[in-house]
Amino acid sequence: MTRTVLVTGASGFIGSHLASALVRDGYDVRAMTRRPERYTGAGTPVAGDVADLPSLRAPLRGVDAAYYLVHSLNCDDFATKDAQAARNFAAAAAEAGLERIVYLGGLGADDAELSEHLRSRREVEQILTAGPVPVTTLRAAVVIGHGGISWEITRQIVAHLPAMVTPRWVETRTQPIALPDVIRYLVGVLEPKQARGRVFEIGGPDVLRYIDMLQRAAVVHGRAVPNITVPLLTPRLSSAWLALVTDVDIPTARNLVDSLTTEVVVHESSIEEIVRGPTIGYDEAVRLALRDQAAAK
């Protein structure tokens with residue numbers, strides 16, 4: 001059994017919940033962060049920065065497996081930064097002799113015209129898997145949970161607007177997944193030998209358009225939000241619109257909007273061979289996210 005596990009991005013949306021789940025399951029968790037003195041989550045905080053290769057040697061020493069959950073959205077050169085960070089981590093993991101890396105990437109068909117954001121996530125996956133350490137990749141679309149950027153955009157649109165004037169990307173199909181299911185899958189692929197070196201697509205039971213997600217979230221929220229779709233609303237204007245009606249910054253909004261034009265749905269279900277059990281439906285995932293948001297106030 002793998003005992004010592006490093007979680008990168010441990011203070012982030014996914015990482016914080018994953019670290020807690022791993023500790024509950026009895027793992028010795030090292031929570032890697034650039035500012036360990038500020039870390040208050042589960043596990044033992046360790047200093048490390050994926051942009052600084054030498055800083056990765058100490059946190060990886062003696063580690064059996066590592067979760068790679070780091071990516072950028074809030075800068076224009078995020079793809080270059082993320083690629084170099086992945087090279088650094090792959091090199092340090094090989095030097096430390098890890099048994100495996102688990103990476104959370106993005107859905108999207110390999111032969112599709114992916115957005116820059118999704119291309120970057122795929123490039124990070126390829127860089128990690130090119131190294132000698134086996135990599136288990138989980139590819140997901142929108143994760144529904146309190147604190148996630150994509151969910152927060154949905155929640156704030158629904159909460160703040162009496163009506164929506166939306167761009168045409170709201171017709172794009174996606175397959176959202178509840179935060180508890182993402183954590184269950186991440187933990188579930190850590191031990192099985194048959195998960196090493198494989199790519200799994202994960203998603204909830206519902207395939208929805210983004211407009212369906214907004215309208216169903218509004219119903220759960222107890223509201224009705226009429227919508228008018230404007231086909232000629234450009235990506236730049238869409239980004240400005242998101243930044244205006246939510247608290248997301250312009251660079252993040254622009255990078256997210258680029259991805260919203262790409263269909264991201266599950267095409268294979270081999271994860272069910274490794275981690276069995278039903279997934280949470282979208283409406284229930286929204287209820288859980290709203291409950292957690294209310295509890296955090």
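View 1. Helix α7 spans residues 210-220, and its buried residues are Tyr-210, Ile-211, Asp-212, Met-213, Leu-214, Ala-217 and Ala-218. Buried means under 20% relative accessible area, exposed over 50% and partly exposed in between, with a 1.4 Å probe and protein chains only. Helices (H or I, at least four residues) and strands (E, at least two) are DSSP runs numbered from the N terminus. Just after α7, Gly-222 has a positive phi of about 85°. The model is predicted: local features need pLDDT of at least 70 and side-chain atom pairs count only at pLDDT 80 or more, while totals for chains, interfaces and linings use all residues. Residues are numbered from 1 along each chain as its sequence is written, and side-chain values use heavy atoms, with hydrogens and water left out.

**View 2. Packing of helices α3 and α4.** Helix α3 (residues 78-96) packs on helix α4 (residues 116-129) at an angle of about 15°, and the axes are 9 Å apart. The two helices are therefore roughly parallel, a term for angles under 35 degrees. Axes are lines fitted to C-alpha atoms, for helices over the stretch in contact, and angles run from 0 to 180 degrees between N-to-C directions. From α3, Phe-78, Ala-79, Asp-82, Ala-83, Ala-86, Arg-87, Phe-89 and Ala-90 meet residues of α4 that include His-117, Ser-120, Val-124 and Leu-128. Contact means heavy atoms within 4.5 Å. The residues of this contact comprise 9 nonpolar, 2 polar and 4 charged. Here Ala, Val, Leu, Ile, Met, Phe, Trp, Tyr, Cys and Pro count as nonpolar, Asp, Glu, Lys and Arg as charged, and the others, Gly among them, as polar.

**View 3. Surroundings of Glu-125.** Glu-125 belongs to helix α4 and is buried, at 7% relative accessible area. Apart from neighbours within four places in sequence, Glu-125 contacts Tyr-103, Thr-137, Arg-139 and Val-199.

**View 4. Aromatic cluster of Tyr-68, Phe-89 and Tyr-103.** Ring pairs link these residues into a cluster. Rings of Phe, Tyr and Trp (its six-membered ring) pair if their centres lie within 6.5 Å; planes under 30 degrees apart count as stacked, over 60 as edge-to-face and the rest as tilted. The count by this rule is 2 aromatic pairs. The ring centres of Tyr-68 and Phe-89 are 4.9 Å apart and the planes lie at 50°, so this pair is tilted. Tyr-68 is in strand β4 (residues 65-68) and Phe-89 in helix α3, so the pair ties together parts 21 residues apart in sequence. Both Tyr-68 and Phe-89 are buried. For Tyr-68 and Tyr-103 the centres are 6.2 Å apart and the planes at 45°, so this pair is tilted. Tyr-103 lies in strand β5 (residues 100-106), 35 residues from Tyr-68, and Tyr-103 is buried.

Notes:
Parallel < 35°, antiparallel > 145°, perpendicular 65-115°, else oblique.
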